Every structure is written in structure tokens, then in C-alpha cells.
Amino acid sequence: MSELKRILTGDRTTGKLHLGHYVGSLRSRVNMQHDYDTWILLADIQALTTHFKDPSLIKQSLFDVAVDNLSAGLDPNKVIFVQQSAVPAIAELTVFYSMLVTVNVLRHNPTIKTEAANYGYDDMTYGFLGYPVSQAADITFCDAHVVPVGDDQLPHMELTRKIVRRFNDLYGNGTDILIVPTHVLSDTPRLPGVDGAAKMGKSLGNAIFLSDSEKEVTEKVRMALTDKNRIAKTDPGDPSVCTVFKYHCAFNAVEKDNIAELCRAGQIGCVACKKNLTTVLNTMLAPLREKRSYYEAHPSEVYDIIYSGTAKACQVGSETVARVKNAMGVLLDF
Ligand code: TRP
């Protein structure tokens with residue numbers, strides 16, 4: 001295991017995960033766990049940046065997000081689950097890295113701007129503005145080589161690389177103290193919401209959750225936006241403007257081309273097309289539901305997984321902090 005390259009990726013613990021997370025990151029995590037030493041960060045500090053008034057929600061969703069990942073097929077014997085706030089190294093590295101980033105660079109981060117607009121912030125806290133710096137600490141505390149992410153995370157990956165290079169230049173004395181990480185983008189880095197909005201988001205109210213029941217999935221797909229100009233089922237449709245078709249592309253690779261052709265020819269109606277998608281989604285989610293019901297019936301197993309992963313992370317993190325302080329020349333020998 002120690003010879004494998006390390007992956008770290010994470011989820012904010014602000015609620016349950018949805019299909020956007022699944023295609024954007026979870027699906028590739030599950031595939032990559034066999035070839036990489038895989039670490040999953042339960043990002044509860046990052047959750048505080050927007051949900052600091054609701055810590056009880058964050059605590060509950062620590063469990064929910066762990067269960068979402070386990071149900072998706074991550075193997076607890078292979079994968080390390082880490083509670084972010086319980087790893088002092090992440091906070092310590094964040095402080096050191098914060099000297100290497102200007103406020104203007106943070107202000108211009110497009111993901112920060114979009115999120116600030118979505119949350120309606122006219123001003124923002126120092127913690128929110130700076131969370132990409134903390135994310136650099138998430139990635140480097142355990143020397144991750146690779147970070148699987150959705151495309152909204154790309155500005156943060158750029159920033160991480162910038163911080164690491166700057167750190168190595170300033171304090172490395174010709175060697176790399178920290179690893180410059182790469183990212184891998186999934187083949188579907190962004191999934192629209194059922195309402196047709198550009199992104200599926202738990203705070204946007206347009207998500208299909210991994211924990212949704214068959215009935216909930218059916219109902220959400222039934223309400224999903226299709227080509228607005230299509231009235232009768234024999235009207236020719238335009239799959240390129242249809243949200244349901246985008247889901248077929250993400251989850252139904254086998255049939256998607258055929259469906260697009262039938263739609264353009266007015267030979268399949270939206271109702272039938274949605275029924276097909278519902279079956280595909282519920283079939284895909286069936287094994288996840290089975291695993292979820294196991295873990296929900298055995299919560300102490302889930303907490304043990306988080307606890308032992310976090311203990312390992314604390315150990316690895318303290319070694320990294322010692323290396324970092326040593327390179328910076330701020331470590332005293334007592
Ligand atoms: N910012 C990520 C998100 O919103 C979550 C996250 C926190 C993360 N720390 C990370 C992702 C480190 C990759 C690596 O989904």
C-alpha cells in the first residue's frame with residue numbers, strides 16, 4: 001500500500017451528497033481506490049465557512065457524507081476517512097501558507113466569486129475568502145499526488161500548486177519539500193440541476209440525492225426540465241437543450257445516442273424517455289441503497305472508520321508539519 005501514489009479528495013459536510021458529486025468525483029474515487037492509496041477528507045472546517053451558524057448540521061452530515069462515500073463503493077479496508085477539524089496539521093499549514101497568498105489573488109478566484117453570489121454575500125468572512133488556502137493544506141498535509149475533482153475546483157488546484165511551488169522555492173534550498181499535486185477531472189465534471197440550472201447543488205434545491213428513495217428519484221425525474229419547445233410527443237426534440245438528455249449522457253452511455261436520434265425524429269416522448277432514465281438511475285442506485293442500509297444500521301462501524309483514519313492522518317500530518325517547520329527554519333530543538 002505504501003508504494004501506491006496517494007489520492008486525497010474531499011467533500012464539505014454541509015448535507016447529503018447527490019448525483020452531481022457522484023459523476024463529478026465519487027465514481028472515479030471508487031475506480032481509483034484499487035490503484036491509489038485513497039484518502040477522503042470530511043471537510044467540516046470548510047463546511048463552517050458557510051454554515052458556521054449551524055454546527056449541528058455539520059456534525060450530522062459528517063456521518064451522512066461518510067455513509068454516502070461508503071455506499072458508493074469505497075472500501076473501508078482500503079480507504080482512509082479523515083475528519084478535517086480533528087487534524088491540527090491542516091490548521092497549522094494553513095497559517096504558514098497564508099503568508100504566501102495575497103488577498104487580491106483570493107478575491108479573484110472565480111469559484112469563490114460564484115459561491116459568494118449564490119450565498120448572497122456582499123462581504124465575506126476571512127475564513128470563507130481563505131478556504132482555498134486551507135484546501136492547499138488538506139492536499140499537502142498527507143503528501144497527496146493526485147486530487148480527483150469537479151471543474152469548479154480547478155482554481156483551487158491552481159492555487160495549491162502556486163503555494164507549493166512558492167514554498168519549495170523559498171524554503172526548499174533546491175529540493176522539493178512539498179509535492180506539487182496534479183488533478184484528474186471526471187468525464188462529467190458538471191451535472192445540471194433537475195431545474196435545468198447549470199449546476200446541481202444541495203443549497204440550490206435542484207438535486208437528486210444518493211440517499212433518495214426510488215419514489216423520490218421517480219418524482220424528481222418526472223419534474224425535470226426537457227426541451228421547452230416540444231409540446232406533442234411527435235414534435236422533433238432538441239437533446240442539446242434537454243436536462244434529461246444530459247443525465248442520459250452521464251448515466252446511460254449505452255442508450256444515449258439512440259435516445260438522441262429518436263428524440264430528434266419525434267419518435268420517443270419525454271414521458272417514455274424519463275421512465276427509461278428513472279429505471280437506469282434506480283438500477284444504478286440499488287446497490288448503494290443496500291450498503292447504506294447496512295451502515296445506517298451499524299453507525300458505530302462508521303464512526304470507527306472515521307476515528308482510525310483520523311488518527312492516522314494526525315500522525316502523518318505532524319510529520320509533515322515538522323518537515324515544513326524545519327525547512328522554514330522555525331523549528332527549535334528543545
Ligand atoms: N472544496 C471541495 C468541494 O467543495 C471539498 C474539499 C475540501 C476538497 N478539501 C478538499 C476537494 C481537498 C479536494 C481536495 O467539493
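In these legends Ala, Val, Leu, Ile, Met, Phe, Trp, Tyr, Cys and Pro count as nonpolar, Asp, Glu, Lys and Arg count as charged, and the others, Gly among them, count as polar. The model shown is a predicted one.

**Figure 1. Residues around the ligand.** The shell around the ligand is made up of L8, T9, G10, R12, L41, A43, Q46, Q135, D138, I139, V147 and Q153. Sorted by type, these residues of the shell are five nonpolar, five polar and two charged. With four residues, β1 gives the most to the shell.

Figure 2. For Q46, a polar side-chain atom lies 2.7 Å from a nitrogen atom of the ligand. An N or O atom in the side chain of Q135 is 2.9 Å from a ligand nitrogen atom. For D138, the distance from a side-chain N or O atom to a nitrogen atom of the ligand is 2.7 Å. The ligand taken alone exposes 360 Å², and the protein buries 90% of that area. Two or more residues of the shell come from each of β1 (6–12), β2 (37–43) and α8 (131–140).

**Figure 3. The largest pocket.** The ligand takes up space that belongs to the largest pocket. This pocket has a volume of about 1000 Å³. Its lining consists of 44 residues, and those nearest the centre of the pocket are H21, E115, D152, Q153 and K199. One of these, Q153, is also among the residues that surround the ligand. At least two lining residues are supplied by each of β1, α1 (19–32), β2, α2 (44–51), α6 (110–119), α8 and β4 (146–149). By type, the lining of the largest pocket divides into 16 nonpolar, 18 polar and 10 charged residues.

**Figure 4. The second largest pocket.** The volume of the second largest pocket is about 370 Å³. It is lined by 18 residues, with T94, S98, Y126, G130 and V133 lying nearest its centre. The elements that each supply at least two residues of this lining are α2, α4 (88–97), α5 (103–107), α7 (126–129) and α8. Among these helices, α4 gives the most, with four residues. The lining of the second largest pocket holds 11 nonpolar and seven polar residues, and no charged ones.

Figure 5. Rolling a probe the size of a water molecule over the atoms shows where empty space is left. Across the whole structure, a search finds one cavity of 30 Å³ or more. The largest cavity contains about 110 Å³ of space. It is lined by 15 residues, and R230, C242, C263, C270 and C273 are the closest to its centre. Helices α11 (243–251), α12 (256–264) and α13 (270–297) each supply at least two residues of this lining. The lining of the largest cavity is made up of nine nonpolar, three polar and three charged residues.

Key
Residues numbered from 1 in each chain as written. Predicted model: local features only at pLDDT ≥ 70, side-chain atom pairs only at ≥ 80, totals over all residues. Heavy atoms only, no water. Near = heavy atom within 4 Å. Polar contact = N/O pair within 3.5 Å; in protein donor to acceptor, adjacent residues only side chain to side chain. Areas by Shrake-Rupley, 256 points an atom, 1.4 Å probe, with all protein chains shown as cover. 1 Å grid on protein atoms, 1.4 Å probe; cavity = no way out; pocket = protein on both sides within 12 Å on 5 of 7 lines; lining within 4 Å. Sits in = over half its atoms within 2 Å of the grid points. Points joined across faces, edges and corners; volume = space filled by probe spheres on them.
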